Each structure stands twice: as structure tokens, then as C-alpha cells.
Amino acid sequence: MATTSSALPSMSHSNIISLTAPFTRNSLGTIRGALLDHASRAGLMISKPDPNESHAAVLVPFCNVDGVPGVLLEVRGNLRSHPGEVRHADSSFLAAALREVHEEVGVPPDQVDILGHLGPAERSSKGLRVWPYVGFVHPPETASPGQGLDAPLPSLSIDSLVVSQPEVAAVFHLPLSAFACQTRLKSGLFRASRPYWTVDVSDLVCRRRMRGNANRELVDETVNESLEVWGLTGWYLSLVMKALGICIRNTKGQWTGDPLN
């Protein structure tokens with residue numbers, strides 16, 4: 001994968017939500033607003049799928065784990081290396097994304113609170129046009145209507161997930177704070193032309209749970225055995241960072257920038 005050593009532009013804004021405090025109903029509302037603004041600025045409201053293309057959909061699933069906000073990610077197994085293809089039985093791209101999460105990690109649609117969508121939709125390495133959505137995954141049977149808007153939402157247990165073993169080699173939680181950690185992030189070029197961030201997750205993936213030779217479309221294992229989120233997943237996570245105003249700090253504590261600007 002190509003990388004760039006050019007200086008990243010400085011940014012004056014900071015993240016709009018806490019990177020360390022658990023997600024709350026209020027912070028989810030803030031994310032909804034940020035994604036709506038992103039969709040409006042990116043022209044996603046008028047974006048139409050090309051009927052001559054094959055389509056797929058994915059979910060970027062936010063969740064709390066042990067009181068820490070982050071994103072639920074997976075290392076794919078050996079059967080498939082692409083997001084959820086849209087089937088005739090799916091009523092929408094969103095339905096396809098939710099079905100994929102249910103099939104791969106056992107999270108039913110009624111546990112997912114949809115927050116918005118990203119884009120523009122990009123092509124996968126298999127030629128599918130992939131439509132990305134963002135949601136929050138609630139643990140099962142945790143509804144509490146009387147919960148305050150600023151109360152931490154319940155945490156999801158990774159061990160409770162029902163993983164589809166042929167398709168998924170490992171599931172892990174990527175804390176939001178990783179998106180502001182200079183030692184984790186590396187600037188790269190998506191499709192060899194557009195700057196974005198890749199994320200080192202070597203210490204977050206439990207290798208004992210990885211079965212066989214995991215496909216590296218989502219997480220790449222390099223010769224020194226490091227693991228990083230890259231490719232289409234890395235690109236969409238970079239879009240999330242941009243929408244939420246998240247950027248990294250250097251060793252002096254200064255904001256260093258966003259490669260998407």
C-alpha cells in the first residue's frame with residue numbers, strides 16, 4: 001500500500017464528542033447531526049445508485065465496551081472478502097447492511113440504532129459499489145426508557161457475540177481514542193491517489209481467536225506481523241473521523257491534521 005510523507009494540513013476544530021467517555025443518548029444525537037451535515041455537504045441526499053452496477057452495504061457499528069466508546073470491527077475469514085451484497089429479499093441497502101451484521105456477529109437489527117450514512121459509496125476490490133451506514137449497537141435486552149440523556153449507554157460484551165466462524169476470523173473493539181493517537185495512525189493513499197489514515201490494531205486483535213489464514217481486505221498483516229485497518233474499511237473510518245472532527249495530536253499535544261482536507 002502506498003504511503004505519503006507530505007505534511008498534513010493543520011486544523012482549527014476539535015472532535016465534537018468525547019473520545020474516552022461512554023456513548024450516551026446525547027452523544028449519539030450529536031453524531032446524527034454531524035453525519036447529516038456530512039451527507040448534505042457531500043451531496044449524498046441526491047446520490048442515486050447506478051442500476052448497471054452490483055451493490056453491497058456495510059455498517060460502521062459504534063458501541064461501548066467496558067465503558068469505552070469505539071467501533072466494532074472484524075478480521076474476515078476465508079469464505080468471503082467483500083461486504084454484504086444486496087439480495088432481492090433486501091428492502092434497501094440499509095437492510096442489506098443490517099442483515100450482514102446479523103449473519104456475521106449475531107447482532108439482530110432491533111439492537112442497532114441507525115445514526116446516518118457516509119459516502120460517496122466506493123467500489124470494493126471485487127467491483128461492488130459499497131454503501132456505508134453508521135449505527136450504534138446496543139447489548140441485548142438493555143432497553144431502559146427512563147435513562148437520562150447523559151447517562152452512559154450499556155456496554156456490549158464481545159464474548160457474547162455469535163460469530164460466523166467460516167466468515168469471521170476475529171472480532172475486536174477499536175476505541176475512539178485510537179483515532180487521535182499518532183502512534184496508531186499512518187497516512188496512506190486510498191486507491192493510490194487519495195490520502196487517508198490506516199490504523200494499527202496489532203495489540204487489539206486476539207490472535208488466538210483467529211482461525212486459519214484470515215483474509216486481509218479489512219485488516220492487513222504485514223511482514224513484521226503488525227495488523228492494521230486499511231483499504232475500504234480504513235477509508236470509511238477516515239470519513240467518520242472527518243465527520244466527527246477527529247484529528248490526531250503530535251508529541252507536543254498539537255492538532256496535526258486531517259488528510260481528507
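A polar contact is a pair of N or O atoms within 3.5 Å; within protein, one must be able to donate a hydrogen and the other to accept it, and residues adjacent in sequence count only if both atoms are side-chain atoms. This is a predicted model, in which local features need pLDDT of at least 70, side-chain atom pairs count only at pLDDT 80 or more, and totals for chains, interfaces and linings use all residues. Residues are numbered from 1 along each chain as its sequence is written, and side-chain values use heavy atoms, with hydrogens and water left out.

**Around R191**

The side chain of R191 reaches the backbone oxygen of R123 at 2.4 Å. R191 sits in the loop between β8 (185-190) and β9 (194-200). Helices (H or I, at least four residues) and strands (E, at least two) are DSSP runs, numbered from the N terminus. R191 counts as partly exposed because its relative accessibility is 40%. The cut-offs are under 20% relative accessible area for buried, over 50% for exposed, and partly exposed in between (1.4 Å probe, protein chains only). Leaving aside neighbours within four places in sequence, R191 is in contact (heavy atoms within 4.5 Å) with R123, S124, S125 and L232. G231 is 40 residues from R191 in sequence, yet their C-alpha atoms are 7.9 Å apart.

**Aromatic rings**

The structure holds 6 aromatic pairs. Rings of Phe, Tyr and Trp (its six-membered ring) pair if their centres lie within 6.5 Å; planes under 30 degrees apart count as stacked, over 60 as edge-to-face and the rest as tilted. Two of the pairs are set out here.

| Pair | Centre to centre | Angle of planes | Type |
|---|---|---|---|
| F23 and F136 | 5.6 Å | 75 degrees | edge-to-face |
| Y196 and W235 | 6.3 Å | 55 degrees | tilted |

F23 lies in the segment before α1 (25-41) and F136 in strand β6 (residues 129-137), so their pair ties together parts 113 residues apart in sequence. Both F23 and F136 are buried. F23, F62 and F136 form one aromatic cluster.

Y196 lies in strand β9 and W235 in helix α3 (residues 231-243), so this pair ties together parts 39 residues apart in sequence. Y196 and W235 are both buried. The charged end of R194 sits over the ring of W235, 4.9 Å from its centre. For that, NZ of Lys or CZ of Arg must be within 6 Å of the ring centre and within 35 degrees of the ring normal.

**Helix α1**

The 17 residues of α1 should span 24 Å at 1.5 Å a residue, and the end C-alpha atoms are 25 Å apart, which agrees. The expected span is 1.5 Å times one less than the number of residues. Buried in α1 are S27, L28, I31, A34, L35, H38 and A39. Seen down the axis, these buried residues fall within an arc of 140 degrees, so they line one face of α1. That arc is taken from the directions from the helix axis to the C-beta atoms. Their cover includes β1 (55-65), β4 (112-117), β6 and α3. The face of α1 turned away from the buried side carries the exposed residues L36, S40 and R41. G43 follows α1, with a positive phi near 75 degrees.

**Helix α2**

Helix α2 (residues 93-105) has 13 residues, which should span 18 Å at 1.5 Å a residue; the end C-alpha atoms are 19 Å apart, which agrees. At the start of α2, a side-chain oxygen of S92 reaches to within 3.4 Å of the backbone nitrogen of L94. The buried residues of α2 include F93, R99, E100 and E104. G106 follows α2, and its phi is positive, near 75 degrees.
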